[in-house]
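Subject: Structure handover

Hello,

Here is the structure you asked about. Please open it before reading my notes.

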Amino acid sequence: MNKNVNLAVDIAGIKMQNPVATASGTFGFGNEYADYVDLSRLGALVVKGTTLHPRQGNPPPRIEETPCGILNAIGLQNPGIETVVNEILPHLQNKNVPVIVNISGDTPADYAKLAQKLNNSCAAGIEVNISCPNVKKGGLQFGSDPESAAEVAGAVKASTNLPVIIKLSPNVSSIVKVAEKVARAGADALSMINTLLGMKIDINTMRPSLGNNFGGLSGPAVKPVAVRSVWQVYREIDLPIIGIGGITTAEDALEFIMAGASVVAVGTGNFINPTATMDIIENLEKYLIDNDIADIKDLIGRAH
Amino acid sequence: MKPVKKTFDIIEKKQIKPCYGLLKLYAPELAAGAKPGQFLHVKCSGTMDPLLRRPISIHAVQRSGKTISMLYRKAGRGTSMLDSLDKLDVMGPLGHGFNMSCSGTPLVVGGGIGAAPLYFLLQELSGMQMQVDVFIGASSSEHLLAVEDIKALGHCVRTATDDGSAGYRGPVTDTCLPYLNKDVQVFACGPVPMLKKLAGDMEENKAAGQFSLEEKMGCGVGACLSCVCKTYQEKEKEYTYSRVCVDGPVFSAGEVVWK
């Protein structure tokens with residue numbers, strides 16, 4: 001294969017050999033997929049959402065299938081930032097892949113503390129989750145209000161020199177307004193979208209199917225919403241974007257890139273095809289060659 | 001063995017009773033490396049709907065023929081599509097299977113589709129020249145599975161059905177209760193009410209054992225934390241959520257929190 005095409009991208013100073021990352025919460029801390037994926041071939045590894053203290057998460061059932069999608073309500077089960085920094089991240093240090101740590105807090109001060117703890121770790125960047133629909137406090141309450149979102153972004157930015165990526169929620173009246181505020185608060189990049197708040201009822205038990213009643217919708221079903229969100233924000237806001245939402249193929253990834261994403265992250269797609277990220281990287285390269293395009297960066301925002 | 005992601009040829013399909021199916025795959029590496037209690041995470045169609053893979057236990061392994069069988073309940077749209085396929089996209093073998101080096105006389109208890117993975121365990125026990133007591137239960141004879149095949153391996157099978165259409169009328173836990181004591185090692189798989197009752201009976205009679213659990217699953221590799229069950233943390237009264245896909249599907253009976 002002709003190797004003259006360039007897949008490398010740079011997002012907020014994080015250098016990636018290709019624009020394909022994993023989406024937080026769908027790829028654990030990476031090693032879970034090591035039997036299927038060579039982690040060193042990823043553009044970036046975005047790891048499971050981490051909180052200040054360990055969290056048990058929501059009672060099961062935590063997952064339900066919907067047409068071309070899933071609803072999840074994990075509730076941020078994680079071992080807490082101390083364990084992540086001291087025991088998990090050191091193992092990722094020699095994997096030759098930029099690691100982006102996703103953080104979630106109950107208050108802006110929590111987010112600031114989480115960011116500080118990552119300052120001396122191997123993290124290449126911080127993804128700030130202000131959009132988790134599955135926890136009672138924090139999460140989406142920050143992401144759905146532009147002022148609160150900006151407050152969190154500012155608190156994190158003031159606590160770290162690492163690139164700060166704010167993960168936006170689609171469960172808002174205007175994603176552009178939230179993006180605008182967090183950009184002004186100093187965000188270095190945006191990732192979008194987190195899951196859409198949804199619900200399923202079990203008609204046999206006549207009760208909500210998920211233990212948490214509500215869950216976040218992801219998978220191919222949400223892709224058009226995500227592509228539209230990326231398009232709108234790319235037009236108005238001058239920040240690089242990580243596009244997320246229902247990406248399972250290189251064709252999907254290209255839609256996001258052409259809408260304005262510099263990087264794409266694969267989430268639910270990993271569950272269906274554990275080698276989805278690798279297949280997408282290979283097929284993006286093939287697309288560039290077939291279409292005589294030298295650099296993937298030439299495609300970012302091409303559809304505008 | 002390390003799990004693989006691969007497409008295997010389906011060489012045999014069978015309808016078993018009204019609600020079940022059996023698929024046989026030509027899969028030399030799985031037949032050689034899979035352990036009883038492990039499962040395969042399979043794609044039911046080439047499309048995005050249904051989206052998720054389905055975890056299906058390994059029912060039988062034919063090492064000489066290099067084949068592996070899955071006995072599954074046609075529970076919904078996904079599993080009902082399986083017998084229309086000629087090839088199957090598989091991730092596996094996944095999960096921790098049964099620990100067969102535990103002390104104690106094996107005693108095997110299955111309920112409904114829970115009998116499926118126990119057959120593979122019983123194949124292995126027969127291979128070790130062990131004939132064991134097996135208790136298989138179901139709601140009715142329509143759902144009583146693998147009984148004749150298990151007998152053919154030389155094991156002693158007692159059956160129970162809720163409606164009395166085969167064997168003892170009542171729960172399978174009634175039939176195995178007299179056999180529970182400190183010298184047995186119970187291997188069980190079945191619906192939650194059965195396992196919950198069995199766990200209580202085992203505790204009263206100081207019997208140890210292992211349960212294979214089922215839960216709705218996402219990734220199958222321990223990343224998404226969807227398929228959790230409540231387990232006790234070691235030597236603590238606190239519980240935690242363990243992943244059925246990688247921490248299980250087989251758990252030690254005393255580890256599982258049934259409340």
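Below is what was found, starting with the ground rules.

This is a predicted model, in which local features need pLDDT of at least 70, side-chain atom pairs count only at pLDDT 80 or more, and totals for chains, interfaces and linings use all residues. Residues are numbered from 1 along each chain as its sequence is written, while chains are lettered from A and ligands numbered from 1 in the order in which they are written.

**The core**

The largest nonpolar core has 184 residues. (Such a core is a set of buried Ala, Val, Leu, Ile, Met, Phe, Trp, Tyr and Cys residues joined through C-beta atoms within 7 Å; buried means 20 or more other C-beta atoms within 10 Å of the residue's own, with C-beta atoms placed from the backbone.) A:Ile126, A:Val128, A:Ala153 and A:Val230 touch the most other members. Helix 3 (residues 115-127) of chain B gives the most to this core, with 8 residues. (Helices are DSSP runs of H or I, at least four residues, and strands are runs of E, at least two, numbered from the N terminus.) Among the residues that A:Val128 touches are A:Ile103, A:Tyr111 and A:Ala153. Contact means C-beta atoms, placed from the backbone, within 7 Å.

**Helix 5 of chain A**

This helix covers residues 175-184. Its buried residues include A:Ile175, A:Val178 and A:Val182. They pack against several elements of chain A, including helix 4 (146-157) and helix 6 (223-236). A:Gly186 follows the helix, with a positive phi near 110 degrees.

Regards

Methods:
Buried ≥ 20, exposed ≤ 12 C-beta atoms within 10 Å, placed from the backbone. Contact = placed C-beta atoms within 7 Å. Lists of a residue's contacts leave out its neighbours within four places in sequence.
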